[in-house]
Amino acid sequence: MIFKSVGDDRPYPDHGLRTPKDWAEIPPRQVHLDELVTTKATLDLHSLLAEDSTFYGDLFAHVVQWRGVLYLEDGLHRALRTALQQRNILHARVLEL
């Protein structure tokens, strides 16, 4: 299994971070894919396969740590690319709630 679990919602409270600029204040760190719970059960293949998928957004995935669980809020396509390249570590900005 690539992820710890596949979810389809955000069970944590609203954190107020909306834009890449908001998230930019959080330094990136390494996260193991098998520690992540996704907040989306589906993925747009255009996002996964696009060469410029990070051109307009943050280079790092966005993860929310809540009650000891790491939720992948944004960057599912980055995480899957990482797995397809047979790597198990993703660089992400982790917001601790």
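**Exercise 1. Find which strand runs parallel to β4, and over how many bridges the two are joined.**

Solution. Strand β4 is joined to strand β6 (residues 89-96) by 5 bridges, and these two strands run parallel; here strands (E, at least two residues) and helices (H or I, at least four) are DSSP runs numbered from the N terminus, and two strands pair if DSSP finds at least two bridges between them. The structure is a predicted model, in which local features need pLDDT of at least 70 and side-chain atom pairs count only at pLDDT 80 or more, while totals for chains, interfaces and linings use all residues. Residues are numbered from 1 along each chain as its sequence is written, and side-chain values use heavy atoms, with hydrogens and water left out.

Turning next to the other partner of β4, we find that strand β5 (residues 69-74) pairs with β4 in the antiparallel sense, over 5 bridges.

**Exercise 2. Decide whether strand β4 is mostly covered or mostly open.**

Solution. Buried means under 20% relative accessible area, exposed means over 50%, and partly exposed lies in between (1.4 Å probe, protein chains only). By that rule 5 of the 6 residues of β4 (residues 61-66) are buried, so the strand is mostly covered.

**Exercise 3. Find the aromatic pair and explain why it is called tilted.**

Solution. Rings of Phe, Tyr and Trp (its six-membered ring) pair if their centres lie within 6.5 Å, and planes under 30 degrees apart count as stacked, over 60 as edge-to-face and the rest as tilted. The count by this rule comes to 1 aromatic pair. The ring centres of Y12 and Y71 are 5.6 Å apart and their planes stand at 50°, which is why the pair is tilted. Because Y12 lies in the loop between β1 (5-6) and α1 (20-23), whereas Y71 lies in strand β5, the pair ties together parts that are 59 residues apart in sequence. Both Y12 and Y71 are buried.

**Exercise 4. Describe the surroundings of P28.**

Solution. P28 lies in strand β2 (residues 28-32), and because its relative accessibility is 37%, P28 counts as partly exposed. Leaving aside residues up to four places away in sequence, P28 touches F60, A92 and R93, where contact means heavy atoms within 4.5 Å. Finally, P28 and L90 are 62 residues apart in sequence, yet 9.7 Å apart in space, C-alpha to C-alpha.
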